[in-house]
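Thank you all for coming this morning. Please have a look at the sequence and the model on the screen, and then I will walk you through some of the details.

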Amino acid sequence: MAKNFETPFVFGVRVEGDNFTDRKEETERLKANFNYGINTILISPRRMGKTSLVDKVCSLVKSDDIKIAHIDAFGCRSEIDFINAFATAVVRATSTKWEEWMENTKVFLSRFVPKISFGQDPLTDFSISLQYNVSNSTTEDVLKLPELIAQANGYRIIVCIDEFQQIGDFNDSLIFQKKLRGIWQLQKHVSYCLYGSKKHMMEKMFQDQSYPFYRFGDLFYLNKISEEDWVAYICERFKITGKHISEGLAHTICTVTDRYSSYVQQLAWHVWLKTKTEVTESDVQYGINRLLDACEPLFIQQTEDLSAYQMNFLHALVNGVHTGFTQSAVLNTYRLGTAANVTRLKKTLVEKDLISLTAPKYMEMCDPILALWLKKRVWKE
Ligand SMILES: Nc1ncnc2c1ncn2[C@@H]1O[C@H](COP(=O)(O)OP(=O)(O)OP(=O)(O)O)[C@@H](O)[C@H]1O
Ligand SMILES: [Mg+2]
């Protein structure tokens with residue numbers, strides 16, 4: 001395929017086809033959940049491959065019997081935004097033409113005044129927003145919509161909601177979450193796939209007993225793609241474009257990026273660009289520097305507001321301290337203040353998703369390339 005020949009590595013967007021590697025187990029698990037109507041919660045750090053995986057499985061199960069509605073909650077700032085996005089997605093998934101859509105709206109949402117706007121192709125490209133009517137039943141009616149449509153048409157609907165943790169930031173979020181769960185769990189023809197990258201918030205919403213979504217469905221973490229699969233993938237992509245990389249250097253790419261999906265592809269891309277025919281050690285070093293250049297603006301943004309104490313804490317992590325932060329040697333070397341201060345630092349950095357507990361009492365930085373950038377360019381070690 002010409003397109004793949006031009007770009008052997010893809011990053012920053014969801015991947016499909018030849019650029020999608022491995023994930024066999026996760027694909028099977030998600031596919032089974034979709035086919036059997038089991039709710040799923042999927043958590044992973046940013047850019048690990050949630051959207052790619054969910055989209056792939058959706059394309060596998062989509063049929064006349066299973067319709068799929070996609071919502072990206074990223075831009076939703078309030079309950080109203082969410083309800084509009086929800087209604088739009090459900091109606092889109094179940095109607096291919098706008099006449100059909102009008103019909104659905106008339107039958108199922110008769111109490112709303114919809115506002116329709118058309119995109120470039122009026123037949124397939126349209127969006128709706130509902131004239132939000134403050135009557136109490138509005139939200140409930142929209143939430144019940146997929147079940148009603150599914151039942152009436154004799155099919156099932158899977159509602160996929162990306163960046164679901166966004167809901168946690170709404171005003172009166174807990175009340176809203178209670179409402180969602182109350183309605184969703186009674187639905188027989190609709191199942192939900194809720195995923196997000198803010199690990200801290202997602203875990204709170206789904207694993208804390210005092211939250212409405214506690215034990216809502218099959219929760220799993222999207223693991224890293226194995227070293228073996230990545231090495232095979234990288235070598236293959238070089239090969240089909242007439243270049244060669246040794247398995248050893250493909251391993252190096254995996255190690256530097258700690259197998260974070262997007263970074264593996266991005267680093268491989270920079271190395272590929274630099275290489276004429278055979279990848280050398282210095283091409284890989286060059287690639288790493290280009291990767292750091294590319295990420296730098298974002299990393300500056302992510303760290304510029306951190307306090308000196310917070311930076312000191314990251315410094316300790318980057319230097320290989322992962323436990324025992326309150327020992328006096330660590331407190332002194334990294335100027336972390338008191339033990340109580342360390343507890344606070346951990347809490348805020350976890351909430352910012354900069355660090356996370358990866359094993360009992362073992363803290364790590366979430367982003368391996370941010371860690372590398374701090375080490376090489378901020379502390380110049
Ligand atoms: N199965 C895969 N095979 C190869 N590369 C992958 C795979 N999944 C993800 N990637 C790489 O990771 C990048 C991000 O993928 P994707 O957008 O699916 O992740 P995400 O977890 O949804 O990210 P975000 O947190 O930004 O929503 C892709 O552009 C690609 O470079
Ligand atoms: Mg995504």
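Predicted model: local features only at pLDDT ≥ 70, side-chain atom pairs only at ≥ 80, totals over all residues.

**Around D283**

I would like to begin with one contact, in which a polar atom of the D283 side chain lies 2.9 Å from the backbone nitrogen of T280. By a polar contact I mean a pair of N or O atoms within 3.5 Å, where, within protein, one atom must be able to donate a hydrogen and the other to accept it, and where residues adjacent in sequence count only if both atoms are side-chain atoms. D283 belongs to helix α12, residues 281-303, and helices (H or I, at least four residues) and strands (E, at least two) are here DSSP runs, numbered from the N terminus. D283 counts as buried because its relative accessibility is 7%; buried means under 20% relative accessible area, exposed over 50%, and partly exposed in between, with a 1.4 Å probe and protein chains only.

Residues are numbered from 1 along each chain as its sequence is written, chains are lettered from A and ligands numbered from 1 in the order in which they are written, and side-chain values use heavy atoms, with hydrogens and water left out.

**The strands**

Let us turn to strand β5, residues 156-162, where 7 of its 7 residues are buried. R156, I158, C160 and D162 point one way from β5, while I157, V159 and I161 point the other way. What does β5 pair with over 7 bridges? The partner is strand β2, residues 66-72, and the two run in the parallel sense, where two strands are said to pair if DSSP finds at least two bridges between them. Within β5, V159 stands opposite A69.

β5 also pairs with strand β6, residues 190-196, in the parallel sense over 5 bridges. Here C193 of β6 is the bridge partner of C160, and V190 of β6 stands opposite I157. In β6, too, 7 of its 7 residues are buried, with V190, Y192, L194 and G196 on one side and S191, C193 and Y195 on the other. Strand β1, residues 40-43, pairs with β6 in the parallel sense over 4 bridges, and C193 is the bridge partner of T40.

**The aromatic rings**

How many aromatic pairs does a search of the whole structure find? There are 18 of them, counting rings of Phe, Tyr and Trp (its six-membered ring) as a pair if their centres lie within 6.5 Å, with planes under 30 degrees apart called stacked, over 60 edge-to-face and the rest tilted. The rings of W184 and Y192 are stacked, because their centres are 4.0 Å apart and their planes are at 15°, and both of these residues are buried. W269 and W272 are also a stacked pair, because their centres are 5.6 Å apart and their planes are at 15°. Both lie in helix α11, residues 261-274, 3 residues apart, which is about one turn of the helix, and both are buried.

Ring pairs also link residues into a cluster, including F82, F86, F164, W184 and Y192. Turning to charges, the charged end of K67 sits over the ring of Y155, 5.3 Å from its centre, which requires NZ of Lys or CZ of Arg to be within 6 Å of the ring centre and within 35 degrees of the ring normal. The charged end of R290 likewise sits over the ring of Y286, 4.6 Å from its centre.

**The ligand**

Finally, let us look at ligand 1, which is surrounded by 23 residues, the closest being V10, V13, R46, S52 and Q265; a residue is near a molecule or strand if one of its heavy atoms lies within 4 Å of it. A polar backbone atom of V10 is 2.5 Å from an oxygen atom of ligand 1, and a polar side-chain atom of R46 lies 2.5 Å from an oxygen atom of the ligand. In the side chain of K50, an N or O atom is 2.7 Å from an oxygen atom of ligand 1. Ligand 1 exposes 630 Å² when taken alone, and the protein buries 97% of that, with accessible areas coming from the Shrake-Rupley method with a 1.4 Å probe and, for residues, only the protein chains shown counting as cover.
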